[in-house]
Amino acid sequence: MDIELQYEKLLRYCLMKTKNRELAEDIVQETYLRFWQSHSYKETGKELAYLYTMARNLCIDEFRKNKPQTLEEYEEIPADDKSEPEHYIMQMDIENALENLPEDLREIIMLRYTNDMSVMDIAKITNLSRFAVHRRIKEGLALLKKYMKEGDV
């Protein structure tokens, strides 16, 4: 797997965590810098999980600094180039429903469906078992379905 191709997905992940585009870009740059300079990583075929774990830890470190985050700076990376108004309305509804999910469920759903990560990779990143990841995906999807059905987003 070419980790350089993961830049946009990693940026989207950091945007979801920080809600600040500049901060997310800085974290992704720092993640790649640390990854390339790291002497602790051994070639085990798990570089994607290692990369996301570093990004996740850097996001957590930013929250620990207690810097104020502004939602005005949040800018979503479009998933595709569809330009129909219905597509944007549906995308906004989904984003609103995702915002209503608990943070841990939102993170797992975003990794699985937005960034197309395997359950095994998500388990490594979040330090959960595969079975716990499957349960949380199922729980998160059920909540999303409920929020979308109720229009409670």
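Mentor: I shall call a residue buried if its relative accessible area is under 20%, exposed if over 50%, and partly exposed in between, with a 1.4 Å probe and protein chains only. This is a predicted model, in which local features need pLDDT of at least 70 and side-chain atom pairs count only at pLDDT 80 or more, while totals for chains, interfaces and linings use all residues. Residues are numbered from 1 along each chain as its sequence is written, and side-chain values use heavy atoms, with hydrogens and water left out.

Rings of Phe, Tyr and Trp (its six-membered ring) pair if their centres lie within 6.5 Å, and planes under 30 degrees apart count as stacked, over 60 as edge-to-face and the rest as tilted; by this rule there are four aromatic pairs. One of them is the tilted pair of Y7 and Y32, at 6.1 Å centre to centre with 35° between the planes. This pair links distant parts of the chain, 25 residues apart, with Y7 in helix α1 (residues 7–18) and Y32 in helix α2 (residues 21–37), where helices are DSSP runs of H or I, at least four residues, numbered from the N terminus. Y32 is buried, at a relative accessible area of 9%, whereas Y7 counts as partly exposed because its relative accessibility is 23%.

The pair of Y13 and Y52 is edge-to-face, because the ring centres are 5.4 Å apart and the planes lie at 70°. Here too distant parts of the chain are linked, Y13 in helix α1 and Y52 in helix α3 (residues 47–64), 39 residues apart, and both Y13 and Y52 are buried. Finally, F35, W36 and Y50 are joined into a cluster by ring pairs.

Note on methods. Helices (H or I, at least four residues) and strands (E, at least two) are DSSP runs, numbered from the N terminus.
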